[in-house]
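Please open the model in your viewer and keep the sequence panel beside it. The tour below moves from one selection to the next and says what is found at each stop.

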Amino acid sequence: SVPPGWSYNHDIELGRFLYDHSERELQCGDCTKEHLSSIEVSSQVEDCGAAHLTDNQTYTSWESNGPPGQHWVRLNMKKGAIVKKLWLMLDGQASSYIPRRVAVYGGAPNRLQHLRTVLINENSFQDVCILRDMKTHLPVLEIRILECRDQGYNVRLRGIKIRSFWEWDLILNADMFQPARLVRYPLLEGVNADVLYRRAVLIQRFVQILDSVLHYLIPLPEDSISTFNALR
């Protein structure tokens, strides 16, 4: 049942609270294998293939084999994975193979948008974070190596590392709704924590069910606008 005195505006505020507090405490471990569906590369040298980017071995690497400025690594993410941090693991054995400037693109496969361009410090020879704090799921992340150090021709990477979380991964419990956390949510202040918890579970369940059927509900472009208005 709907809590006494509860309104749609309370649901909106509770939804905002859940969004703001949805990221679980991330483990220090690497989430790459858990959240990465597949990986593609622009080119590769024999025995230095794309698989070495995720094998967690310090003595293997991926090396490109193509014209400068045309090297890229494409990460196909599992549905619902949201990237918190993305690192390049540099191979410091040869300076000319180390990326100097990289650009990160993300989105649907045919609609990638520029997210960030990073100039890697010349003194960096270890792990470099090139992307952080994404707020939504991006099906594809593409790392484009724009240039290497010392005018290098090809690029060599020891690996990639991802820290991420599932967009539906809310750790819900009544302890989330402590008064100190509700200061910026005036409609929720004074509401019993157990009531907020039960309502949050309901909202989360509704979102999961809606997400599973939404692609069946959205009208096709040729449908009349009245169909969409009815759905809305």
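Begin by selecting cysteine 48, which counts as buried because its relative accessibility is 17%, where buried means under 20% relative accessible area, exposed means over 50% and partly exposed lies in between (1.4 Å probe, protein chains only). The structure holds zero disulfides, a disulfide being a pair of cysteine sulfur atoms within 2.5 Å.

Before going on, note that this is a predicted model, in which local features need pLDDT of at least 70 and side-chain atom pairs count only at pLDDT 80 or more, while totals for chains, interfaces and linings use all residues. Residues are numbered from 1 along each chain as its sequence is written, and side-chain values use heavy atoms, with hydrogens and water left out.

Next, select histidine 35, which sits in helix H2 (residues 32-35); helices (H or I, at least four residues) and strands (E, at least two) are DSSP runs, numbered from the N terminus. Histidine 35 is buried, with a relative accessible area of 0%. Its side chain makes a polar contact of 3.3 Å with the side chain of tryptophan 166, a polar contact being a pair of N or O atoms within 3.5 Å, of which, within protein, one must be able to donate a hydrogen and the other to accept it, and residues adjacent in sequence count only if both atoms are side-chain atoms.

Now display the largest nonpolar core, where Leu75, Leu86, Leu88, Ile130 and Ile143 touch the most other members among its 34 residues; such a core is a set of buried Ala, Val, Leu, Ile, Met, Phe, Trp, Tyr and Cys residues joined through side-chain atoms within 4.5 Å. Strands supplying at least two residues each include E1 (36-41), E4 (81-90) and E9 (156-166), and the largest share, six residues, comes from E4. Centre on leucine 86, whose contacts (heavy atoms within 4.5 Å) include Leu75, Val128, Ile143 and Ile162, not counting residues up to four places away in sequence. Apart from this core lies another, of 13 residues, among them Phe17, Leu18, Met176 and Leu196.

Finally, select helix H3 (residues 193-217), and look at its buried residues, Leu196, Arg199, Ala200, Ile203 and Gln204, which pack against helix H1 (8-20). At the start of H3, a side-chain oxygen of asparagine 192 reaches to within 2.7 Å of the backbone nitrogen of aspartate 194.
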